[in-house]
Amino acid sequence: MKKYDETSPESIESYGKGMIGKTFREIFDAAKDDPDGFVAKDACADYLRKHAQKSRKGGVGNLVEECWFGYEANSDDRPDFPEAGVELKVTPYKQVRKTQLNPEGFAAKERLVLTMINYMEVVKEKDFAHSHLWEKAQLMLLVWYLHLQGRNDIDSTVDYVQLFTPPAEDLEIIREDYEKILTKIRDGRAHELSEGDTLYLGACTKAAKSTDRRQQPYSDILAKPRAFSLKNKYMTYVLNHYIRPGRVTYEPAVRGKVSDFEAYIIETIGRHRGESMEELRKRYGIETHPKNLGAMLAYRMLGIKGNHCAEFEKAGIAIKSIRIQENGCIKENMSFPPISYQKLAKETWEDCTFGNYLRETRFFFVVYREDRAGALRLAGCCFWNVPVRDLEGDIRAVWQETHDIIADGRLVLDIDAKGNVTNNLPKKHGHPIAHVRPHGRNRADTAPLPEGTYLAVRGNTAAWLDDTAYTKQCFWLNNDYIRHQLQLSGM
């Protein structure tokens, strides 16, 4: 006899809230002692062991289905509770560094995978409202648990259980994202899909092996298996603004309904084209020249009083202010966070910090061009993400070369008599898109190398005393590459 009404979303949610405060192990223990529980007693020990394995995808999710809600985990395409139209999603969050933006210090641990993309079938769908994706995502029961480093998730506690439907303002952008993904598939370019193409809804890779490929319509080129997912940044926003109590809200850039979010942003900022950065700074009452002046001016031009935009936060959009010199060159290369040598050595390209960031991030470039008098004037703006061919080409080559040098303990320093240091990491002159160079405060700002590896120091060896650490480095995108991308975008 069911303990909830399978046809009622409210009943399902109410019964689900009974998990709050319980660990997944406790949920299992209660089910095995319940004569109406799904789990057979003679399979209990093996069942828990299998569902606790870190390599098992959806282990705790399947456990909730079978041990709490009492139905067998399956691959049915319909929502988990078809009569109520409710899809069950068990998802982790994690503790992160507390910031002004995130005072409690909590973030989604991962994206929320919704459903696999069947390239051959999805192109037959009438529209988003009649899509399989919307059937699965229009009403979700989100079960959140805190993932702690070093602890098996089977011993994590369920903290939040809540029905969730993307609000109207988010749904407009999700619908736009869906159409962008479908457009690429209809154009025979499913192999070029990237999470960076879109804002809230992504097409994430989803395969057992990195070599797995699927047939796509309108092209003979095989494409990576992908799934529709709500991006990690969007899920963090959902957690902190829709799920957790005492939420903090940010100003939206769009007030009302627009047919194309990105076009609206570009048009709004474009109204100021030709105005100088100094004129804009004075107009909006910014008295100093902070490092993030370009981003601040972008927000002000969008009518946002603060320094955070709700849509940008949900999408994890990275604002970059680009300054083009009078001669047409960009002076600065584009930097990224410092490399953790120890973490890098354990990563693979398919799931590495730098690669994932570029795969998932959509950039917003606000471009200023220097005039003959030396004033920087707004030239326009555009949204951009790294093309797949570039990501899998030179960027991957630079990452792999860097990884192999660090992981294999082959980092070599040459120090001349004056103490000048050069290394054998990938240089800009050898790569058209990316390179590696310092990003620390100074030479003494170092990070430890992988355990058991050491620097090989040649020349003035007395100038480097610690061979287990090296000056912080980071990956950079070449300035001439960024300039070329802007030209392709019509800037």
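1. Asp155 is partly exposed, at 27% relative accessibility. Here buried means under 20% relative accessible area, exposed over 50%, and partly exposed in between (1.4 Å probe, protein chains only). Asp155 meets Arg25 in a salt bridge of 2.6 Å, N to O. A salt bridge is a side-chain nitrogen of Lys or Arg within 4 Å of a carboxyl oxygen of Asp or Glu. Arg25 is also partly exposed, with a relative accessible area of 32%. The pair links distant parts of the chain, 130 residues apart. Asp155 sits in the loop between strand 4 (140–146) and strand 5 (158–164), and Arg25 in helix 2 (residues 24–32). Helices (H or I, at least four residues) and strands (E, at least two) are DSSP runs, numbered from the N terminus.

2. A word on the source: this is a predicted model, where local features need pLDDT of at least 70, side-chain atom pairs count only at pLDDT 80 or more, and totals for chains, interfaces and linings use all residues. Residues are numbered from 1 along each chain as its sequence is written, and side-chain values use heavy atoms, with hydrogens and water left out.

3. How many salt bridges does a search of the whole structure find? The count is 32. One of them joins Glu262 and Arg362, with the closest N and O atoms 2.7 Å apart. This pair, too, links distant parts of the chain, 100 residues apart. Glu262 belongs to helix 9 (residues 261–270). Arg362 lies in the loop between helix 14 (353–360) and strand 12 (363–370). Glu262 counts as buried because its relative accessibility is 9%. Arg362 is buried as well, with a relative accessible area of 9%. Elsewhere, salt bridges that share partners join Lys224, Glu350, Glu392 and Arg396 into one network.

4. Arg189 and Glu192 form another salt bridge, at 3.1 Å, N to O. Arg189 is partly exposed, at 28% relative accessible area. Glu192 is partly exposed, also with 28%.

5. Asp177 deserves a look. Its place is in helix 7 (residues 168–186). Asp177 is buried but has no salt bridge. The nearest side chain of opposite charge is Lys180, 4.8 Å away. Lys and Arg count as positive and Asp and Glu as negative, while His and the chain ends are not counted. A polar atom of the Asp177 side chain does lie 2.9 Å from the backbone nitrogen of Leu201. Asp177 touches Thr198, Leu199, Tyr200 and Leu201, leaving aside residues up to four places away in sequence. Contact means heavy atoms within 4.5 Å.

6. The largest nonpolar core has 73 residues, and Trp144, Phe312 and Phe364 touch the most other members. Such a core is a set of buried Ala, Val, Leu, Ile, Met, Phe, Trp, Tyr and Cys residues joined through side-chain atoms within 4.5 Å. A second, separate core of 43 residues includes Ile322, Tyr341, Val436 and Ala447. Contacts of Phe364, not counting residues up to four places away in sequence, include Ile265, Phe312, Lys320 and Cys381.

7. Which parts of helix 8 are buried? The buried residues include Tyr234, Met235, Leu239 and His241. Helix 8 (residues 232–243) is mostly covered, with 10 of its 12 residues buried.

8. The whole structure has zero disulfides. A disulfide is a pair of cysteine sulfur atoms within 2.5 Å. For Cys381, the nearest cysteine sulfur is that of Cys382, 7.2 Å away. Cys381 counts as buried, at 5% relative accessibility. For Cys474, the nearest is that of Cys352, 14 Å away. Cys474 counts as buried because its relative accessibility is 0%.

9. Tyr218 stands out in its backbone. Its phi is positive, about 65°, although Tyr218 is not a glycine. Most residues other than glycine have a negative phi. Tyr218 lies in the loop between strand 7 (214–216) and strand 8 (219–223). Tyr218 is exposed, with a relative accessible area of 60%.

10. Last, Thr115 in strand 3 (residues 112–116). Thr115 is buried, at 12% relative accessibility. Its side chain makes a polar contact of 3.2 Å with that of His132. A polar contact is a pair of N or O atoms within 3.5 Å; within protein, one must be able to donate a hydrogen and the other to accept it, and residues adjacent in sequence count only if both atoms are side-chain atoms.
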